[in-house]
Amino acid sequence: MKFQFEVKPSLCTGCRTCELACAFSHTRDKKPGRSRIYPIAYAPDKFVPVACLQCDDAACVKSCMFGALKRNETTGAIDLDRERCVKCMACVAACPFGCALVDEGHDNEIVKCDLCGGDPACAHFCPTKALVYKKIG
Amino acid sequence: MRIDSIDKLAAWRDECRKRLDSQKKKVLVCLGPGCLAGGSDKILEEFHEILSKKKITDVTLEAVKKTGCHGFCAQGPLVIIEPEGIFYTKVKKAHVKEIIETTLEKGELVEKLLYKERNGDGTDHAIVDYHDIPFYKYQKRISLRNVGQIDPDRITDYIAAGGYSALAKTLSSMTPQEVIDQITKSGLRGRGGGGFPTGRKWATCAKIESDIRYVLCNGDEGDPGAFMDRCIMEGDPHSILEGMIICAYAVGSREGYIYVREEYPLAVINLQNAIDSAREHGFLGENIMGTDLCYDIKIARGGGAFVCGESSALMKSVAGEVGEPRAKYVRSVVKGLHDKPTVLNNVETFATIPVIINEGADWFASIGTEKSTGTKAFSLAGKVKNTGLVEVPMGVTLRKIIFDIGGGALKDRKFKAVQTGGPSGGCLPEDKLDLPVDFDTLTKAGSMMGSGGMIVMDDRTCMVAVARYFLGVLVKESCGKCVPCREGLYQLHKLCTKITKGKATEDDLNLMENLSRVISVASLCGLGQSGPNPFVSTLRYFRDEYMAHIRDKKCPAGVCRELITFNINDQCTGCLACIAACPVEAITGEKKKLHVINQDLCTKCGSCYEVCNFDAVDIK
Amino acid sequence: MVNITINGKVVRATEGEMLLDVIRREGINIPTLCQHDALEPAGNCRLCMVEITRTEWDGWKKYVTSCLYPVEEGLIVSTHTSELHEIRKTILDLLLANSPHSDVLQKMAEEYGLHKTSYEPNLEGDNCIMCYACTRICEVLGKSAISPVMRGHEKVIAPPFGEEPPDCIGCLACAHICPTNVITWTDENLTRTIWKKKFELIACEKCGKATISRDFAEYLIEKRGLPKEYFNTCDDCKRVELAQKMGALVDKAKEVAL
């Protein structure tokens, strides 16, 4: 079974609820994490939520010299193994979509979308259903 | 000449022997490290110089030759005249003419150069033949069999002494398994200090599936005061090569290294000469002695780090990496040099192999004790009369080595302790002198046999200062990789220094004991694990001395400067000698009047004590 | 799979797996300083020592560093005996003596009831604990720009001859992996300085923000076959770019539908 984000920019109001959902669902040490998703205005009052595309031939995986980025076969997400990460920023620089991020609130750790283990919080909380995580195929 | 068949060797040996036998008289000049320091190279030159101008019947120029260490370093420089075994001691260049004219020409003895043995009544008697000297009488030489007897640069000398016959026997009549069985049966254990059964090591290596296996020789002898391996490398290099080649045949190796420390330049030269001439004569390289065996040896020179004597650090150093021990629970015989199965044995172990092959495992096992067979070389050093190189059967007592062979403490002072096993060994007191010297007994007593260094100490030695000295060596030589060794030994040394300054408390001593235990269980390699030994063993047997430093702020042996004072007693004759010797002008006095030391100026250097001929300087 | 006993509990583990990994998987906390998942275990800090024995050893036991000990069938492991507590406490005590100002060490030592070192503290000491994490990570990158030099207590981590390391690419992996934060660097405008060597930082061609060093980017392009243009812009600008592309697609689809 495969899942995929369905994004409808026409429904996105740029309310940033997805950001809050993401940050809070990634709370650690009593601090919310940096959001891995951003609604970005591509034209005046026109928004699109941007997050990691979990690319097949991912630049981030290639750029990591320490094997810290690996595809999670269950969720399909590229997960970051924090125990292996050295924070060298190679993935941040290499991702062509700017979706590997630095979490300043957590000691400059690298963060990226992990699909919340298969049930993304952002999609749950999107009030206008601009972002839906649905089964495909 | 290339020996391309087993038979050819026997013919060559006959030739070599005939040539040696044709020399009616032989003059052996010891060029071991001790004698060399005494100028024996000049003595040899002088012999050649005079004899090249002078014809003497029965003495050819070729028969005057250099040898490796003859052993009795305290009496060096040594000159031995064979076949009589005339033993000339403390020879100087000026004596050479006399030796030639008296002994070589007239066949008479130069009395003043003969060895003098002290009689019970205090008089002396001269001994001519060195075999009768107590120092040599109680020895049994196996690994040192040729050292001091042959010219290390002449392969013909080695051949004449039976060299490479064990290799010939191995290649012509033994399977690799039979070689391993013989070594196992002989009970030979690694002479480098670990005491691991050599046969078992070879068998393990041979059993592992691998395309490449290495046979390495450890010549990184770093213990202060130890020079057994050095003397074999310098004095009989071929015996090491022969042992290694036999091992290569047994385990199936094509390549090997001898790891020698850079501080042994002569060992490097002699080994390289030996390797070159062995290769030239077909004992190394392709098709050794015309058989299928191919094996070659290279010399790897170490930079003089003590820790590189540890097997995994040595292999890293050979491979060109930083010489640090590897922290893996895999033995180097399984994964050693370049991660291939590797046999690493000590110089002395390899030098013993040919004898075991020739004389048989049962013969070797009959020497020594049940669990430590054969003989062991020791270097006797420190405050002992007969310093030098000795080899005795395992199981003889420390007393026999130190008193019968070594002649007891220097200047007939009171024996206090003997330090065995190098810096990480321990000190044993007088009541342990009747312990047999073997791998297991000394370890049980808190020291170890180690590679064979033996430093004798008399009653003027402070055991705290000794512990501090050896800890100092280890602090310098620790590789610094793991915490307990790097920081632990450093702190232990610092606390020991504190004791010698009289500033330590009993709490410090408890801290040291606890720290020592942790260092020995938690360290990565043998250096750290045995590192606290100098402290632990001296504390075990000389706790009173530690307490004297801590509680009474006194150094009973009169060594630790902060805790002693020098005073002049009424034995003083007013000779002015100490006044002249004192570097800080702390002593005042007039001729024939009692001298006085000004304690405020005295730096406690001990110069006055050294020069006083009347025992008038007291140290308290 | 093999069965081992940890603190009395039978645990299944994969053969060849390191003991420390199994212990941690069981939720047992063992302190470490030189261990990092991106590195081969080295056994420098000795904090992860555990006691092992086997039934056939007849009461004989030994202490091993769990980070490098491969599990084997029938192993009986204790992770928190009083002797192990003493070993860890002594090691932290020794480290604290040499680096009394390190907050990382202070915090770890506190957990063992150590408020200050039992030894004379080295007030001038830096916080380096010789875990080699920096040199090991540099080795993983295939650079080995820095290495341990000298011996024993004098040992330091340094570039060759104490000069600018020719092989350094300014990636900061060494500085980030350091457990006690000893390795320092500065980023000023578009210049990074580490190990006294200066590096040019790539400026985002849209907003000018500094990203990684040019040497590191070139290394990734060469070693990992990544397109050069990926490194021209910063992550913020790249996200905006993505949004614009997605938006343009949506608008185009709408137009087509209309």
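Q: What makes a residue pair between chain C and chain B count as a polar contact, and how many such pairs are there?
A: In this predicted model, the count between chain C and chain B is 16 residue pairs, both residues being at pLDDT 80 or more. Each pair is called a polar contact because N or O atoms of its two residues lie within 3.5 Å, one able to donate a hydrogen and the other to accept it.

Q: Which elements of chain C supply residues to the side that touches chain B?
A: Both β4 (62-65) and α2 (82-98) of chain C supply at least two residues each to that side. The largest share, nine residues, comes from α2(C). Sorted by class, the side of chain C that touches chain B holds 18 nonpolar, eight polar and seven charged residues.

Q: Why is the meeting of B:Glu324 and C:Lys155 called a salt bridge?
A: The side chains of B:Glu324 and C:Lys155 come to 2.3 Å, N to O. The rule asks for a side-chain nitrogen of Lys or Arg within 4 Å of a carboxyl oxygen of Asp or Glu, so the pair of B:Glu324 and C:Lys155 qualifies. Across the interface of chain C and chain B, the rule finds three salt bridges.

Q: How many residues does each chain give to the contact of chain C with chain B, and what area is buried there?
A: The contact takes 33 residues from chain C and 32 residues from chain B. About 2,700 Å² is buried between these two chains, and carbon and sulfur atoms give 58% of that area. Of the area that chain C buries against chain B, C:Leu94, C:Arg151 and C:His153 supply 23%, more than any other three residues.

Q: How do you know that A:Lys46 and C:Asp251 form a salt bridge?
A: The closest N and O atoms of A:Lys46 and C:Asp251 are 3.4 Å apart. The cut-off is 4 Å, and therefore this Lys and Asp pair meets the rule. Across the interface of chain A and chain C, the rule finds one salt bridge.

Q: Which elements and classes of residue make up the side of chain A that touches chain C?
A: In chain A, β2 (38-43), β3 (46-50), α2 (59-63) and α3 (90-94) each supply at least two residues of that side. By class, the side of chain A that touches chain C has 29 nonpolar, three polar and six charged residues.

Q: What area is buried between chain A and chain C?
A: The buried area is about 3,000 Å², of which carbon and sulfur atoms give 69%.

Conventions:
Residues numbered from 1 in each chain as written. Chains lettered and ligands numbered in written order. Predicted model: local features only at pLDDT ≥ 70, side-chain atom pairs only at ≥ 80, totals over all residues. Heavy atoms only, no water. Contact = heavy atoms within 4.5 Å. Buried area = accessible area lost by both parts, 1.4 Å probe. Polar contact = N/O pair within 3.5 Å; in protein donor to acceptor, adjacent residues only side chain to side chain. Helix = DSSP H or I, 4+ residues; strand = E, 2+ residues; numbered from the N terminus. Nonpolar A, V, L, I, M, F, W, Y, C, P; charged D, E, K, R; others polar.
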